Amino acid sequence: MTHIYVTDVSKAYKIYQKKTDRLIEWLVPMIKRRHKQKWILKNINFKINEGEAVGIIGVNGAGKSTLLKLITGTARATTGTIDISGRVAAMLELGMGFHSDFTGRQNVYMSGQLLGYTIEQLNVLMPEIESFAEIGDYIDQPVRVYSSGMQVRLAFSVATAIRPDILIIDEALSVGDAYFQHKSFERIREFRRKGTTLLLVSHDKQAIQSICDRAILLSKGEVAMEGEPELVMDYYNALLADKEKKSIKINNADGKKATLSGTGEARISRLGLYNVESVSIENVQVGQVITLKVAIEIEQPIEELVVGYAIKDRLGQPVFGTNTHHLKRVLNNLPAGKILEYNFEFPANLGVGSYSIAVALHSSDTHVARNYEWRDLALVFTVINPSKQPFIGVSWMPPTLEIKE
Amino acid sequence: MIMVDVPDMLKAIYHYRGFIISSIKRDFQSRYQTSMLGALWLVLQPLAMILVYTLVFSQVMKARMPDNTGSFAYSIYLCSGVLTWGLFTEILDKSQGVFINNANLIKKINFPKICLPIIVIASAVLNFLIIFSLFIIFLIFTGNFPGWLILSMIPVVFIQIAFAAGLGMIFGVMNVFFRDVGQFVGVLLQFWFWFTPIVYVLNSLPQWAHKILMYNPLARIMQAYQGIFAYHKMPDWISLMPVVGLAIVFCIYGFVLFRRHAAEMVDEL
């Protein structure tokens, strides 16, 4: 039974004030510790069962890579236990510990053997590895002449040459170009279908949301949140947006959890979706003209106000988003107590399905700069197709057809 | 994987034998494949050294072997020392950097790290065997082959390898945490070479210096080799016993040090 059980895992690095302190510790028996411990990971607990796909997210320095190193066994936890069963293939950081003077082919054999393949197996696998990496004649060149993308291509091809029980990938894939990313994700999906357990570290929201069943957010060496990828990603974005961490709440709206954050200098007082007769609606027809009304109260004087919204599909992928900065309608120097109403009117050229709208009040063109209020899943609506021709996809772009004979 | 017992470690080494063998091959290839003269360098380097010493010491400085007058006597004496000293320095010098130089691998792939020193020792021995067989061919052609006596060199080589491997492991582990060790080994080897009777003959030194030099374990080992090849006489096994003891102590201490700090190493690399 394949699994990864991480129980009460903590990791500390030893910090010595002076280099000689370590020497003294080594040479003098029974002496008291002369180093400080710097805790990188604190009390990490989670379980990953067979066939699950889990994404780990977090800002740089949150401890993601350290955690993966502990799980793959290259580094050892200071306390706690990691119980892992199944054949693991891991791609940590760039490359696979390739040796720069050896050719790609030699490195494939070397890494392959370390991954537990035999020479005979590698002889058989080699053509497949070569063709998947698509690096052409470079396979017989020393790795030092490779681009980082080529190294990743080769490393990924080796690591996934035989389907592992557990596949662990650390950001590395983001180095490859779009083509190879597609190709590698296709392979990962295929492994998933066949039952491989996946552990993925990534900043790529789409990757996490489309592949993973679950996400774990690491923050300052601790598990800050664990749950549905979309929810965790939203919380993570809120965390990024709101560095002071003033108010991050998770609200229940329409039975779905939503994330709310911000400094509160401006507030969304009312929010709704209306048809052209100003009737509030939840079901929208394909192509129907609708209005997103956002009522805002200014709580404290602010210099600049930008209102933005994004429509996301069921998987949380943004379908369309814009804001008043891009629409060139930024309002300046707003006094406290002012009440505003924004009406965004647009045709709902969307495919059938469930959509959500996220709304944000902030200054300048991104919500990271100064975030007054930011609501994910602020509204949820359903697009239905009672009148148009059937079609697939999230957007409605009706063609005109001409057939020449 | 790291704090395993010795049988488990041996099992792990056996399991990774494919990696070890290919690494030795690759090490050998990379050393000679990229250069035009290839494996010839393996011979040219010590040959140049022997030539220089032979010229300087036996011709220019008129040093003579006090108790052997054969035409190749000094060259044979020199070779038996220089070549075996080469094995010693190669093991020691590569062992001290073995973990640092493979940091890239250690950080990214989980495998028994004990494989790395094994690769170092094995490829050093391989190089030694090649060059030493050339020396033996030379001995046969010049009629200086010691005959069956040559078998007595096998235990001496083993003692020397154990001594170098143990010391190398100690330096290798320490070097990860105290990078001064690497520099120190370079300096140490310089002094050690000249405090070992390789180029000069021990008996040509005054008695007091002779006594001091016998505290140098390598002097005893060299004496054994030189005895076999230059004088065709059996090594003095009793005089080698303290070296055996020291080699065992180094090996055990090196191994303990490795086991105690192997896990921590990754954090420092």
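Domain bounds, as used in these legends, come from an automatic or database domain assignment. This is a predicted model, in which local features need pLDDT of at least 70 and side-chain atom pairs count only at pLDDT 80 or more, while totals for chains, interfaces and linings use all residues. Residues are numbered from 1 along each chain as its sequence is written, and chains are lettered from A and ligands numbered from 1 in the order in which they are written.

**View 1. The two domains of chain A.** Chain A splits into domain 1 (3–232) and domain 2 (247–384). Between the C-alpha centres of these two domains of chain A there are 38 Å.

**View 2. The largest nonpolar core.** A nonpolar core is a set of buried Ala, Val, Leu, Ile, Met, Phe, Trp, Tyr and Cys residues joined through C-beta atoms within 7 Å. Buried here means 20 or more other C-beta atoms within 10 Å of a residue's own, exposed means 12 or fewer, and partly exposed lies in between, with C-beta atoms placed from the backbone. The core has 157 residues, and those touching the most other members are A:I168, A:L199, A:A215 and B:I91. Helix α8 (residues 153–177) of chain B is the top contributor, giving 13 residues; helices (H or I, at least four residues) and strands (E, at least two) are DSSP runs, numbered from the N terminus. Domain 1 (3–232) and domain 2 (247–384) of chain A each provide at least three residues to this core.

**View 3. Around A:L199.** Setting aside residues up to four places away in sequence, A:L199 touches A:I4, A:I48, A:V54, A:I56, A:I71, A:I166 and A:I168. Contact means C-beta atoms, placed from the backbone, within 7 Å.

**View 4. Where chains A and B meet.** The contact takes 21 residues from chain A and 20 residues from chain B. On the chain A side, α1 (19–27) and α3 (104–114) each supply at least two residues, and α3(A) gives the most, with five residues.

**View 5. Two loop residues with positive phi.** A:S278, which is not a glycine, has a positive phi near 60°. A:S278 sits in the loop between β12 (266–274) and β13 (283–285) of chain A, and is exposed, with 10 other C-beta atoms within 10 Å. A:K328, also not a glycine, has a positive phi of about 55°. You will find A:K328 in the loop between β16 (318–323) and β17 (331–334) of chain A, where A:K328 is exposed, with 6 other C-beta atoms within 10 Å.

Terms used: Contact = placed C-beta atoms within 7 Å.
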